Amino acid sequence: MLLSDQRVLDRLRDGEPVLALGIRNARTTEIVRLARCAGFGMLWIDLEHCSITVDQAAQIAATALDLGIEGWVRTTERDCSVIGRLLDGGVTGIIAPRIETAEEARQVVSAARFPPRGLRSQITLLPQLGYRRVPPAELMRDAEHATSVHVLLESAKGIAAAEAIAAVDGLDILHVGVNDLSVDLGHVGDPTHDEVINACQHVIAAAKRHGKLAVVGGLADPVCCGELFRAGAAPLIFAAIDTDLLASGLVQRAQEWRTRFDSMMNQQT
């Protein structure tokens with residue numbers, strides 16, 4: 001396999017923190033090299049909230065694979081048809097947003113897993129295996145090992161079904177999206193509300209009971225994050241999103257140059 005380093009999934013199971021960079025603005029593979037140089041271990045390519053194409057997402061993910069990190073993709077809501085194409089292109093993690101029932105989770109697993117656990121279509125060459133031609137059984141085994149399947153719980157209905165969702169075979173991680181969840185629970189702009197944190201703890205406990213990992217995303221408060229990590233949340237840290245970095249960097253640079261200009265003009269007088 002080309003995954004020369006330990007998989008992100010294994011590192012999280014071992015309690016090792018992994019920094020994730022969200023991708024919404026970048027369209028070329030250069031972002032992978034920049035992220036790797038900065039110490040990020042995973043790219044979260046967000047097809048739900050941007051216009052990145054399947055081809056661009058696959059190219060970024062395949063480059064990440066070559067450089068020893070991973071590219072996971074959040075698909076658009078309720079879209080399982082694109083999952084096989086993304087995995088065939090080099091993506092190693094599929095994140096399905098707004099999952100609310102065990103049946104919806106099973107549909108995601110079915111699209112991402114080869115038989116007998118799923119219905120993923122056969123293919124002879126994969127970037128995850130270095131495009132080596134191997135026997136079908138070996139390809140399926142190694143591709144399954146390289147693939148992680150995730151669901152994102154973002155509503156009260158999804159939280160209520162966490163136990164049944166966690167029991168779905170072939171699922172690896174239950175993510176809680178606290179921003180959308182806080183809105184659904186009536187706490188707009190307050191992702192640290194007790195009801196939201198309690199929902200996170202409920203998902204963590206359900207995941208534990210079924211041997212799965214739980215991840216909490218969208219929460220920046222260090223006290224709440226620490227509590228959830230100690231409760232058993234996997235240490236996947238959503239450290240940055242490229243659009244946010246670009247926006248804040250531009251604001252900072254513009255302010256710096258305004259300050260420099262004022263200083264230069266004052267010196268002349």
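Helices (H or I, at least four residues) and strands (E, at least two) are taken here as DSSP runs, numbered from the N terminus.

The model is predicted: local features need pLDDT of at least 70, side-chain atom pairs count only at pLDDT 80 or more, and totals for chains, interfaces and linings use all residues. Residues are numbered from 1 along each chain as its sequence is written, and side-chain values use heavy atoms, with hydrogens and water left out.

**Overall form**

The C-alpha trace of the protein chain spans about 80 × 45 × 30 Å along its principal axes. Of the 269 residues, 50% count as buried; buried means under 20% relative accessible area, exposed over 50%, and partly exposed in between (1.4 Å probe, protein chains only). A contact requires heavy atoms within 4.5 Å. Among contacts with a separation of 6 or more, 64% come from residues 24 or more positions apart.

Helix α5 (102–112) is mostly covered, with 8 of its 11 residues buried. These are Ala102, Glu104, Ala105, Val108, Val109, Ser110, Ala111 and Ala112. The buried residues of α5 pack against α4, β4 (93–96), α6, β5 (148–153) and α8 (162–166).

The loop between α5 and α6 (136–146) holds Pro116. The peptide bond from Pro115 to Pro116 is cis, with omega near 10 degrees. Tyr131 is placed in the loop between α5 and α6 as well. Tyr131 has a positive phi although it is not a glycine. Arg78, in the loop between β3 (70–74) and α4 (83–89), is likewise a residue other than glycine with a positive phi. The table sets out both residues.

| Residue | Phi | Relative accessible area | Class |
|---|---|---|---|
| Arg78 | near 60 degrees | 43% | partly exposed |
| Tyr131 | about 60 degrees | 52% | exposed |

**Helices α10 and α11**

Two packed helices are described by the angle between their axes and the distance between the axes. Helix α10 (residues 194–209) and helix α11 (residues 222–231) pack at an angle of about 20 degrees, and their axes are 10 Å apart. Axes are lines fitted to C-alpha atoms, for helices over the stretch in contact, and angles run from 0 to 180 degrees between N-to-C directions. The two helices are therefore roughly parallel to each other, a term for angles under 35 degrees.

On the α10 side the contact is made by Ile197, Cys200, Gln201, Ile204 and Lys208, and on the α11 side by Cys224, Leu228 and Ala231. By class, this contact has 6 nonpolar, 1 polar and 1 charged residues. Ala, Val, Leu, Ile, Met, Phe, Trp, Tyr, Cys and Pro count as nonpolar, Asp, Glu, Lys and Arg as charged, and the others, Gly among them, as polar.

His202 also belongs to helix α10 and is partly exposed, with a relative accessible area of 31%. Leaving aside neighbours within four places in sequence, His202 is in contact with Ile159 and Ala162. His202 and Glu163 are 39 residues apart in sequence and 8.8 Å apart in space, C-alpha to C-alpha.

Technical notes
Angles under 35 degrees count as roughly parallel, over 145 as roughly antiparallel, 65 to 115 as roughly perpendicular and the rest as oblique.
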